[in-house]
2 protein chains.
Amino acid sequence: MRDVAIIGIGQTKVGEHWEKGLRHLALEAIQAALRDAGTERVDALYVGNMLSGELTGQEHLGALVADFAGMRGVEAVKVEAACGSGAAALRLGYVAVAGGLANVVLVVGVEKMTDALGPEATTALAMAADADYEAGQGLSFVAINALLMRRYMYEYGYKKEDFAPFTINAHANAMNNPYAMFHTRVTADSYAQAKMIADPVNLLDSSPVADGAAAVVLAPATWARRFRGTPVRIAASAVGTDAVALHDRRNPLVMEGATLSTQRAYQQAQAGPEAIQVFELHDAFSIMAALSLEAAGFAAPGQGVRLALDGEITLQGRIPIATMGGLKARGHPVGATGVYQVVELVQQLRGEAGANQVPNARLGMAQNIGGSGATVITHILERMD
Amino acid sequence: MRDVAIIGIGQTKVGEHWEKGLRHLALEAIQAALRDAGTERVDALYVGNMLSGELTGQEHLGALVADFAGMRGVEAVKVEAACGSGAAALRLGYVAVAGGLANVVLVVGVEKMTDALGPEATTALAMAADADYEAGQGLSFVAINALLMRRYMYEYGYKKEDFAPFTINAHANAMNNPYAMFHTRVTADSYAQAKMIADPVNLLDSSPVADGAAAVVLAPATWARRFRGTPVRIAASAVGTDAVALHDRRNPLVMEGATLSTQRAYQQAQAGPEAIQVFELHDAFSIMAALSLEAAGFAAPGQGVRLALDGEITLQGRIPIATMGGLKARGHPVGATGVYQVVELVQQLRGEAGANQVPNARLGMAQNIGGSGATVITHILERMD
């Protein structure tokens, strides 16, 4: 097995791109990543996407994007793991390069959601849940997270407003990210007044439906210096799974898939949570941020919200999260999100995060989650120099 | 890179399984494959599927199937490449084992199509084509194949009835396959009288919409003898792509993606068409069988139909195809098809194909195609002993 480096990154602004299709968004991110790497040659393309069929009537994105990006003929495939599709594609790209079956691999995550009506997007997103036993009974993703958040508040004695720091932090960080969907500060007051969607989840606990694409270029670490970008090594790449339906889990407040995925990653990287300086986690809802911090070992069960209340998740805190806005404020184009997280982590490790730079960041973690914790893909990245 | 062997195979009968869901079909094939291999331990699961979201409202099949098959926690992901999804999943499983990132990998292809109404299935299948420039203009997959078949007849001077041998051969071979959807002989007369769907494609030129699942277990070739099944080596695994839209190809009658994919496979296996004794090709429509034979080097351009007319595609011919019924008569549950082809090829190479056994078969090829030739995945398999 070979060490693998990320030699190029690219992203589009997250938002409502009514004038661009899936292929155009993907192309924009791909071109930026190849330019950043200083290469045009690619051995294989992995496309992370969840809902192109349901929302735009287009499957077969591997060949479609390869051709549109001027790579007709190249090996290409689409990878799907619900909202974890982006990092799942990166995981497969990593496997190909680490195992020596490809040298330069392009991974792009892309999603186009805003052409659909709101109810259509909600129905499509529910396909990440169990169709027979959850979605089929009318349980949407907001509803699933409302159940989780209510149970968490009940078990650990938190109040609704205790979750505000997650949103306040994400929106504050997004102010300095030109690619973020929202550039609006959130305060404790505006959080308290936000419209309720599924009690206790309000509008400011929820990441937005959005369009976007992000891409990374992988190569063997020994090749990395031939390319333009500051290389960052993939120190770990791991996947853990759990039951898709919430009621099939042993304890709904313990994401065992996330624990498994993180433990596997820590073992590969030979590092634990104490060594991680930045954590791009999957804050699709505030409650998911809390549960992720706990599953990854940054807080004991029930202490994820406490960590946020103590200010430890900000850029100056013990473990900065959502450093460029996170899913909440950068936006959550579902199949692209996992690649955005990694692009932003690379920005941090290269020292290119501008006003949001975490000082001396050398080791960071990105974690992308499908469903309410059923597929969890973790990558640990390390600056090479 | 390590040699990879197929150590277990399993399949469900192809048909209309109204009493079984996606997860039940997948489980049945998985259990059969694990029993055949004599193992329960698996490092990763790759699920090939195209239309679970569109037709059953369920995405996220990786985690869902892993959990239902009793493998909660294992690395799992869904892979999509239109009707090539099954072999695309096998390709990724191969990459993981060959590269040393996993030892025992389970690959399952599954599709559940018959709960949807006919027009729904046709619309869903059109997502393999270009949504903006083909499907969006009303071009279904039958229509695309009708255009190809008419052009072929015009360019090379064939009559409609010249295509009959493909269907007659497939249905004759399916008679002896208990897993096949159809057990009905087709004659030149019944072919001539078949209902026209999109002139010149009639009902007997078209593979059926169906439900089904097939699975294979992979392991390093050096481990193969520890397991129960007669091992078969993967001598080559390759992918080639082309433009998705037919009008973007240089010549619609030349499947450049198939040529690329096959050439890459021949190079890996260090063997050419003359050494291949069985060819499980992608006969979704009669015209696709002809074009596949030509792209893989078994016939010159325009001579694929001639090869069939000369009887060379039967079990006694130069290059037997659709030996267990092919897509036409075994059935075409789209995301499962590529795995069915490989399961059947393994039956041939193990000498377990019963009345349909190709004598002394040691080297065979399976080729799975997404869209009208935009993603082509080729595997060459060799009997180990």
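**Notebook: where chain B meets chain A**

I started with the charged pairs and counted eight salt bridges between chain B and chain A. The model I am reading is predicted.

I picked out one of these bridges. D242(B) pairs with R72(A). The closest N and O atoms of D242(B) and R72(A) lie 4.0 Å apart.

Next I looked up polar contacts. Between chain B and chain A I found 30 residue pairs, with both residues at pLDDT 80 or more.

Then I asked which elements of chain B give two or more residues to the side that touches chain A. My list has the helices α2 (52-56), α3 (61-68), α4 (85-98) and α9 (256-269), plus the strands β3 (75-80) and β8 (232-241). I noted that α4(B) gives the most, with seven residues.

I sorted the residues on this side of chain B by kind. I got 30 nonpolar, 13 polar and 15 charged.

I turned to size. The accessible area lost when parts come together is often used to give the size of an interface. Here chain B and chain A bury about 4,400 Å² between them. Carbon and sulfur atoms hold 53% of that area.

Chain B gives 58 residues and chain A gives 58 residues.

Last, I followed the strands across. Strand β3 of chain A, residues 75-80, is joined to β3(B) by three bridges. The two strands run antiparallel. In this pairing I found K78(A) opposite E80(B).

Technical notes:
Residues are numbered from 1 along each chain as its sequence is written. Chains are lettered from A and ligands numbered from 1 in the order in which they are written. This is a predicted model: local features need pLDDT of at least 70, side-chain atom pairs count only at pLDDT 80 or more; totals for chains, interfaces and linings use all residues. Side-chain values use heavy atoms; hydrogens and water are left out. Contact means heavy atoms within 4.5 Å. Buried area is the accessible area (1.4 Å probe) that two parts lose on being put together, summed over both. A salt bridge is a side-chain nitrogen of Lys or Arg within 4 Å of a carboxyl oxygen of Asp or Glu. A polar contact is a pair of N or O atoms within 3.5 Å; within protein, one must be able to donate a hydrogen and the other to accept it, and residues adjacent in sequence count only if both atoms are side-chain atoms. Helices (H or I, at least four residues) and strands (E, at least two) are DSSP runs, numbered from the N terminus. Ala, Val, Leu, Ile, Met, Phe, Trp, Tyr, Cys and Pro count as nonpolar, Asp, Glu, Lys and Arg as charged, and the others, Gly among them, as polar. Two strands pair if DSSP finds at least two bridges between them.
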